[in-house]
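Subject: Structure handover, salt bridges

Dear colleague,

Here is the structure for your files. My notes on the salt bridges follow below it.

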Amino acid sequence: MREVFNRRLYGYIDGTLLAAILVLSSIGLFMIYSATYDPTLENAGPQVIRQFGALVLGSLGLVVLVMFDYRTLLNHSVLLYIGLVGLLIYTLFFGVERGGAQRWIDFGFINLQVSEFARVVLALTLAAFYSDQRRENRSFLDWVLGALIVSVPFVLIVREPDLGTAITLLPVAIIIMVFSGLKLKLLMSLCLVGILLTPLAWAYALEDYQKVRIASFIDPEQDPYGAGYQQIQARITVGSGGLEGKGFLEGTQNQYNFLPVAHNDFIFSVLAEEQGFLGVLVVLGLYLFVIMRSLEAARLAKDRQGMLLVVGIVGGFVFQVIYNVTMSAGLAPVKGLTLPLMSYGGSSIIATLMGFGLILNVRMRRFTN
Amino acid sequence: MHKTVFSTDRSSVRRLLRGFNVGVVLVFCFLIFSFWRFQVGQHAHFLEMAENNHQRTLNLRSPRGVVFDRDGQVLIDNRYSLNISLIREQVGDLSAVLELLADVTTVDVGILRAVVESNSHVPDYRSLVLIRDASLEQVAGVSARALELNGVFVEQIPTRYYPNDNTASHLFGYLGEVTSAQLNQFEGGRLRSGSVIGQAGLELFYNRPLMGIDGTRKVAVNSIGREIETIDEVAPTEGQSLQLTLDLDLQRAVEEVFVSSGYSGAAVVLDPTSGEVLALSSMPSYDPNDFALGVNEQTWRNLNGNNLKPLQNRALQGRYSPGSTFKIVMAAAALEEQIIDPEFKVNCGGGGTFYGRFFGCHSRHGTVNLYEALEQSCNTYFYRLGTMVDVDTINQWASVFGLGESSGLDLPHEVIGLVPSRAWKQEIKGEPWYPGETISVAIGQGAVAVTPISLAVMISAVVNGGERVTPYLFKKESRVSGSTIIGSQTLDAIREGLWMVVNRNGTGGRSRIQGYDIIGKTGTAQVISLEGRELIDGSDEEYRDHGLFVFAAPLDSPRIAGVVVAEHAEHGYIAAEMARHILEVFFAKEEGRPIPNLKNPILPAEDSLGVPSVIAEGQ
């Protein structure tokens, strides 16, 4: 506890990264304002205030996670993992149902989406799991155990059902395993097996709506009012924005609701429409900066577990950003995947900020023993 | 311990991190390239798609110009009709919506389905008119269930309104949707498919000024098709209003005499000095309101299939033998060519033999001069003139009076009458002209066939000093008209004879009004030759002769001239009786008296009046 109050330690906090995160969150807030703006009422939706509240809560979470040495958290990662699995099971039985999916736990003042925190907990668990052995002597069993650690929350989240969020666990696990010595060759063969199993998954594991989404991605015109509709509209939204954009609150695709859940999944399309290609460049630049700056924390990390923790969190973040941005331009099947830092969603923003808290934590403590 | 383990493979971790970094940068480059391609490369394409998404351009139909009569009474107006329309794009379950709509409007659902099916080629976002001119009950029904009838809405459309129903229907014409052939040739491409234009009559002739310019309204709609705001609006420009020379009261009087007598036919009333058309009527008529919203098939079939051809404007398109009214031309030709003078006498013993054939007269007139011959409509006198005046001379003088030529009236589809000549016969039949044929021509029978409008021009020339006027409703067609080339002595002689027709013991006595110098000439137009009449049962109505009367008044300062053609009325005096009411109304209005009602119904011809019904050609 002594070091919690070590003021010299806080001098090592990466203020630049923190600032970039803050700027992205603020841009996100403005875009949510625009996406929920009702031109007939001339007012934005209640989501703006809620998102602001979530940002405040997330910042508190970030501060708390910066204060405690990440190694303390890693030492207790098993408890966190068990807690996560327990809450996910609880969600499956007692969760709040919305739009046909049971993903939330009602805490009275806030509905928490436990799955959003799964990435952080998984990164902690796997970083701890792979930190105690020599990298050169990994047995196949280590990878099987790692895969088991991922698959339990993965299956639970898929059951909600929330395939999109479940999939974000995979890059976290894969990145940590690769950095723990998983040979790329082995990874490739696993991927090959996965591809061979795809038809089986198509037949037994996928829900009908998921099949439709994938089919409509391959040929969006085939079903212009179904799943393909969102994709076509996303492309129109982005393309019609042009170089300089239509202006804040001026995006017709956004304002006239041609984009479903614009404030959530398609927040980046809103940005592209209203702020144009220049806005896209600025925001993508900020994301790239956040990613590279975070990876620097991994490079600077004092120990293996810190490095693994950072690359795990960054891996999930990178996957989400790239997938969501690709989807925003209608270049990927529509998944309920948020754009971290910008999309509306309390649990998402809190979990993401807590993740960055851990990254700052690792970087800050690069000189401590 | 941890530290040492970590440092051994720090270099490979760095390599992986560098790989990770490079990978992320490459993916970001790809993303930036993709956004560049969409947002800059294909911007125009996607912008258009975005506008198609949220912008609808609605056509705002311009009201056509209002048409007034000479006193400013409204002849053709506009009203707003309510159409119930559908935008399929906004409809979820089409058949459910159609069924509910059919239910609330009590329209057969099959009709609604048929409209939708026949418009399957029209883009989904365009509105389809399901129910034209909906009743207020139907509109109320739709409004009450508006929430369930997504995509169904009520449109207000300016619609042509003819407040006087059938009155002057042929003169006004009617509207219709532009045909694909008309689309290119009309109004320099201003029309678009679905535009409504004049298809006949005044509505056609003055379509360009009357039509106005449609406006457009560009609206923004949201993803469920609800209108959010108007982006841009170009208001429609109402068509130019026209004030016609027509006198609605006189027009009504004309139609009243036809309706009360039950005759088909035509009448034209002009101001004989200016050519202004005061009334122009063709019977039977139709209601142009039936066409205002697109004529329905049943009405169209009835109008077209009717033997009486109600769509034909007989005043311009009906070709009738002028009968004895042609004697005016004969008299003028003989006098102007100095073949006779007015005192030239002929003895009528009930007919005469010319070129070896007997031609009958309807009475024994004894010795008559030109005045008396006109007064009594003595055929024998004019048969005689027919032996003296060459057919080409007759043709030439008929042209001076406007017969066999276009009147130049500002209405479309005028038919040109026929006055025979040598050249005509050679061309048509390849035969020379036989002098015996001139005998029939002399009393307006044989091949002579002229339109009522040209007869009105003829009688106008008699009273206006010999000028052939160009009748007009709105604007005079610039046409060189044969001005005064009929000698005043000739005209005086004819006028004297025509005055006696009405005011002495002539055939037109039924048009006499005490105190007014009315002149006129009756005519009976043979529908079928005497020989033909003997072959069939002559009492069949469709073979009965037409009654004609040309008239003008007052003699010294003529202000009205015209013609009444009453089909199958058998006698000119019936037409004269009809003309009397027209004249009464004219003078009453001129003098500020209340407009008189038609007092006595016009009865069919009777033999008891001393004029035998079937004796000879012409009267």
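Glu276(B) has 18% relative accessibility and therefore counts as buried, the limit being under 20%. Please keep in mind that this is a predicted model.

The partner of Glu276(B) is Arg70(B): their side chains form a salt bridge, with N and O 3.0 Å apart. This pair connects distant parts of chain B, 206 residues apart. Arg70(B) sits in the loop between strand 2 (67–68) and strand 3 (74–87), while Glu276(B) is in the loop between strand 11 (265–270) and strand 12 (277–283). Arg70(B) counts as partly exposed because its relative accessibility is 34%.

A second pair in chain B is Arg593(B) with Glu591(B), whose side chains meet in a salt bridge at 2.9 Å, N to O. Arg593(B), at 39% relative accessibility, is classed as partly exposed. Glu591(B), at 40%, is partly exposed as well.

Turning to networks, Asp14(A), Arg293(A), Glu296(A) and Arg363(A) are joined into one by salt bridges that share partners.

Also in chain A, Arg71(A) and Asp303(A) form a salt bridge, and their closest N and O atoms lie 3.6 Å apart.

Over all chains, the count of salt bridges is 31.

Regards

Definitions and conventions: Residues are numbered from 1 along each chain as its sequence is written. Chains are lettered from A and ligands numbered from 1 in the order in which they are written. This is a predicted model: local features need pLDDT of at least 70, side-chain atom pairs count only at pLDDT 80 or more; totals for chains, interfaces and linings use all residues. Side-chain values use heavy atoms; hydrogens and water are left out. A salt bridge is a side-chain nitrogen of Lys or Arg within 4 Å of a carboxyl oxygen of Asp or Glu. Helices (H or I, at least four residues) and strands (E, at least two) are DSSP runs, numbered from the N terminus. Buried means under 20% relative accessible area, exposed over 50%, partly exposed in between (1.4 Å probe, protein chains only).
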